[in-house]
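Reader: I have a few questions about this model. Can we go through them in turn?

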Amino acid sequence: MKAMFSNGVRDAGILAGFTLCFTAMMAGVYGLTRDTVLRNETEARSRLVAQVLPAGSYDNDLLTDSRELPQADSHRLGIDSGAHVYLAKKGGTTIAVVLETTAPDGYAGAIKLLVAVGRDGSTQGVRVVTHKETPGLGDYIDVAKSNWIHQFDGKSLSQPSPERWKVRKDGGDFDANAGATIS
């Protein structure tokens with residue numbers, strides 16, 4: 001019984017030693033790579049935000065000229081909290097805003113979007129940030145795989161008219177893609 005207790009204490013000590021060693025290694029790697037990861041995330045975010053605006057239409061740093069929206073406004077855009085609005089400026093004048101928003105009714109869950117809206121109220125561009133749609137069926141919403149999302153460029157609440165904001169099969173102006181069937 002004494003030997004079994006001794007072996008258990010020894011094994012627990014070895015396990016604690018390995019845990020401590022690997023935790024220290026992971027903390028060290030995190031410390032060494034944290035700045036690089038943050039820089040890469042910032043560059044990726046900047047490139048994504050810039051994709052929804054026409055090239056050369058702004059001359060400021062979009063990430064620097066951003067604001068976190070109050071929770072009530074974030075909620076209106078389909079985001080619980082922490083949504084940002086990016087201000088695109090040319091010569092110091094705001095020419096467009098880029099909004100983080102969510103389409104809550106994707107087939108496989110919420111679809112996070114960036115939407116640029118110009119001073120005239122027209123959509124400058126839309127990009128999908130993340131989605132969980134079925135690969136090969138629902139990924140047409142991704143600009144890297146299809147031009148489908150470009151059909152919203154230049155549209156506004158008044159153009160087309162409100163009754164035309166439907167898919168073509170329902171008498172509207174927009175193409176729809178559906179790969180699902182009802183069994």
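Reader: What does Ser-57 touch, not counting residues up to four places away in sequence?
Author: Ser-57 touches Lys-90 and Ile-95, where a contact means heavy atoms within 4.5 Å. This is a predicted model, in which local features need pLDDT of at least 70, side-chain atom pairs count only at pLDDT 80 or more, and totals for chains, interfaces and linings use all residues. Residues are numbered from 1 along each chain as its sequence is written, and side-chain values use heavy atoms, with hydrogens and water left out.

Reader: Where does Ser-57 lie?
Author: In the loop between H1 and strand S1 (66-68). Helices (H or I, at least four residues) and strands (E, at least two) are DSSP runs, numbered from the N terminus.

Reader: Is Ser-57 buried or exposed?
Author: Ser-57 counts as buried because its relative accessibility is 18%. Buried means under 20% relative accessible area, exposed over 50%, partly exposed in between (1.4 Å probe, protein chains only).

Reader: And what does its side chain reach at 2.7 Å?
Author: The backbone oxygen of Pro-54.

Reader: Different topic. Which residues make up the largest nonpolar core?
Author: There are 11 residues, including Leu-48, Val-52, Tyr-86, Val-98 and Leu-114. Such a core is a set of buried Ala, Val, Leu, Ile, Met, Phe, Trp, Tyr and Cys residues joined through side-chain atoms within 4.5 Å. At least two residues come from each of helix H1 (2-51), strand S2 (84-90), strand S3 (93-106) and strand S4 (109-118).

Reader: What lies apart from it?
Author: Another core, of 10 residues, with Leu-113 and Trp-148 among them.

Reader: How many helices and strands in the protein chain?
Author: Two helices and five strands, in the order α-β-α-β-β-β-β along the sequence.

Terms used
Polar contact = N/O pair within 3.5 Å; in protein donor to acceptor, adjacent residues only side chain to side chain.
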